[in-house]
Each structure stands twice: as C-alpha cells, then as structure tokens.
Amino acid sequence: MSVALELTRCPVCDAADVREIAGADDLTAEAEELWAFHTRRLRADTPAERLADRVAFSQRRPYRLVQCVECTLVYRNPRERDFELEKTYESEIIGEDVLQSLFETQRASYEAQAARLTDVAGRAGSGLEIGSYVGGFLAAARKHGWNFQGRDVNERANAFARKQGMEVACGTLEDLETRHRYRSVCIWNCLDQLPEPRRAVRLAAALLERGGVLAIRVPNGAFYAALRPALKRFMAPVARTLLAHNNLLTFPYRTGFTVRSLRRLLEDSGLVVVRTFGDSLVPIADQWTRRWARIEERGLKQLLRVPGAAGDAGAALSPWFEMYALRPGRGQS
Ligand SMILES: [Zn+2]
C-alpha cells in the first residue's frame, strides 16, 4: 500500500519551528535493533506470529520525527494522511488467545488506573472510554463502582469485550452522538494514535459534566527525545533496553506528548489539570519470554516507577504518563 505523506505544523500549538529528533536512517536502524532485542528475549520455540506481535505494531514506523520548539510536542513530520491511518486500525486482526492474554496481563495496571481515577473524581459515576479495546479498564472501573461504556473502532476487540460482559459500541469520538454528560471520559493509550488530538480533547471535554474528569495516558515523547541521542553513544545498550521495554523504540505512535504539551492542550480546552502521574508500560512478558528477560523487564519497570509520585517533574522523566483534568464549575468536589 502506498502512503500519502504531507508536511504539517505542530498539532498542539500550530507552530512551525521544529528540531529533528530522528531521521529515516535512524528509524530504520532502530527497527533492526528492535527486532534483535525481542529475538534475544524470546524462547527459541516461539511461534513466528508472536515475534511479529512485538515488532510489527499497528502503527507504521515514522518517516521522520521532530520536536516542536514552542510546546515540546514530538510528532511525525511528514505525517500519513488521515484516512490511511484509520484503515490500518480497523483492519487489524488479532487472535482470540492474544486478546485473552492482553486482558489478563493488563489487569493489575488497569486496576491501579481505576483507583487513581476514582480518587481524582471524588466519587464514581457514569463514564466513557475511548479506545476501550478488550475491555480491561471497563472491568476494573466496574469494581470501583463506575458505570463505564466503551467505544472502539476494532469490532473484533469489541466482540471480545462484550463477551466479558462489558458495554461497548463501535465508533470514534468524532461520530459519537449523545446528550449525556459523563462523570469521566478516559482516553488510555490512544490519544497518541488519533489524527487530530486537539479536536479529540475538545470533544471529550464537552462530554463532561461540571466537575467531571478527563483522564489521559500517553507514551512520553520527552523520554524518547532524551534517550534517542544515547542510542549512538557508549550508553547505547542501556538506552535501547529502556526504550524497547516501554515500546518506544522506533516510536510507533503518531504523536509524542510531553507533560508540557499535553497540559497546554488540556488547558486550551478549558480544563484544569489536577494530577500528573509518571509510569512505565504495562508488562509485555508472556509464556514465550525467556526467564532472564522477564526478570530484567520487571526490575527495570519497578525502578522507573519511582519518579511517578512527583507530579509534573516526576512524570517528565517517565516513559509513559497520565494526566487528569477537571471541567470546572458546580459539582466540583
Ligand atoms: Zn507545538
């Protein structure tokens, strides 16, 4: 399939000034390193498609990555035209056993996210999750007393989530028509993939009741931008391991939010940021992972979790981060 590319301005602040983070040759080299990284960590009898799962992510590798000088956002420039991207997602086919194992491995992380959300929101209520995928968060939120609905473009994942007893609909944030106002809207691991994040945040904010919470979790573009130069120096093995275990090598996302650029985007939409939380990627080790690699991953992610408690500053040093923002007004607790 040919890809239509176009040059673009910063999708958060519309500035044109950028510095290059990674060029085409850098990203090709990273793809080769990523392949080698996972090959070494998987057992020799791993089925080929399980290796492919880890390396061939839904999102195509960027052609070039830049960082906005004004708001610090990391993004693809040139970028794929929008319609190409949605097609990639809708046609993604993943086996039932893989969906089941995702649902299981993500359970603990979603449990913690549901607890943080409840804490920030003050009380449970009705919620909407955009990009609900297999329904792991919906299940966790229910345990905390929430009544969440999911929304996702992947019908196969939706069918799986319904089988787990979750309420999900097929669609995007853009095509949702409702007069309902939610206590919370969550966009976990998905805002970074959307073609128009500014529009998405504005639409999500409008769906909140007064005092309601928008919760977002994204890969940290600043973490990638900081470690990227080290891939070419003597610290290369450490930088590569940190990036790869957090699914940041080759940066398979459309937008790399930073604490500063996401805060700006939320405030531009009239929201008030009330909490920032730094984290690492959910565990990816499974039955095919060699023992030493499982221990390496667990140890590394434990270490990276330390800065999490320190708000904006801690989150800025983390490979992934969450931001919680309130719609101001009556009902705020
Ligand atoms: Zn910008």
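This is a predicted model: local features need pLDDT of at least 70, side-chain atom pairs count only at pLDDT 80 or more; totals for chains, interfaces and linings use all residues.
**Entry 1**

I looked up the second largest pocket and noted its volume, about 320 Å³. Its lining counts 20 residues. I listed those closest to the pocket centre: Ser-109, Leu-281, Val-282, Pro-283 and Arg-305.

Which element gives the most to this lining? I found that α12 does, with six residues. I then noted the elements that each supply at least two lining residues: α5 (107–121), β12 (272–279) and α12 (291–305). I also sorted the lining by residue class.

**Entry 2: α4 and α7**

Next I took helix α4, residues 96–105, and helix α7, residues 155–163. Their axes come within 11 Å. The crossing angle is roughly 60°. Angles from 65 to 115 degrees count as roughly perpendicular, so α4 is classed as oblique to α7. The crossing of α4 past α7 is right-handed.

Which residues make the contact? From α4 I wrote down Glu-96, Leu-99, Gln-100 and Phe-103. From α7 I wrote down Arg-156, Phe-160 and Lys-163. By class, the α4–α7 contact holds three nonpolar, one polar and three charged residues.

**Entry 3: α1 and α10**

On the α1 side I listed Glu-33, Leu-34, Phe-37 and Arg-41. They meet Arg-240, Thr-241, Ala-244 and His-245 of α10. I classed the residues of this α1–α10 contact as three nonpolar, two polar and three charged.

**Entry 4: backbone details**

I finished with the backbone. Most residues other than glycine have a negative phi, and most peptide bonds are trans. I looked for departures from both patterns.

Is the peptide bond from Asn-77 to Pro-78 cis or trans? I read it as cis, with omega near 5°. Pro-78 sits in the loop that joins β4 (74–76) to β5 (79–80).

I then checked Asn-189. Its phi is positive, about 50°, although Asn-189 is not a glycine. I placed Asn-189 in the loop between β9 (182–188) and α8 (197–206).

Conventions:
Residues are numbered from 1 along each chain as its sequence is written. Side-chain values use heavy atoms; hydrogens and water are left out. On a 1 Å grid over the protein atoms alone, a cavity is a set of points where a 1.4 Å probe fits but cannot get out, and a pocket is an open set with protein on both sides within 12 Å along at least five of seven lines; lining residues have an atom within 4 Å of a point. Grid points are joined across faces, edges and corners, and a volume is the space filled by probe spheres set on the points. Helices (H or I, at least four residues) and strands (E, at least two) are DSSP runs, numbered from the N terminus. Axes are lines fitted to C-alpha atoms, for helices over the stretch in contact, and angles run from 0 to 180 degrees between N-to-C directions. Angles under 35 degrees count as roughly parallel, over 145 as roughly antiparallel, 65 to 115 as roughly perpendicular and the rest as oblique. A crossing is left-handed if the near helix is turned anticlockwise from the far one by less than a right angle, and right-handed if clockwise. Contact means heavy atoms within 4.5 Å. Ala, Val, Leu, Ile, Met, Phe, Trp, Tyr, Cys and Pro count as nonpolar, Asp, Glu, Lys and Arg as charged, and the others, Gly among them, as polar.
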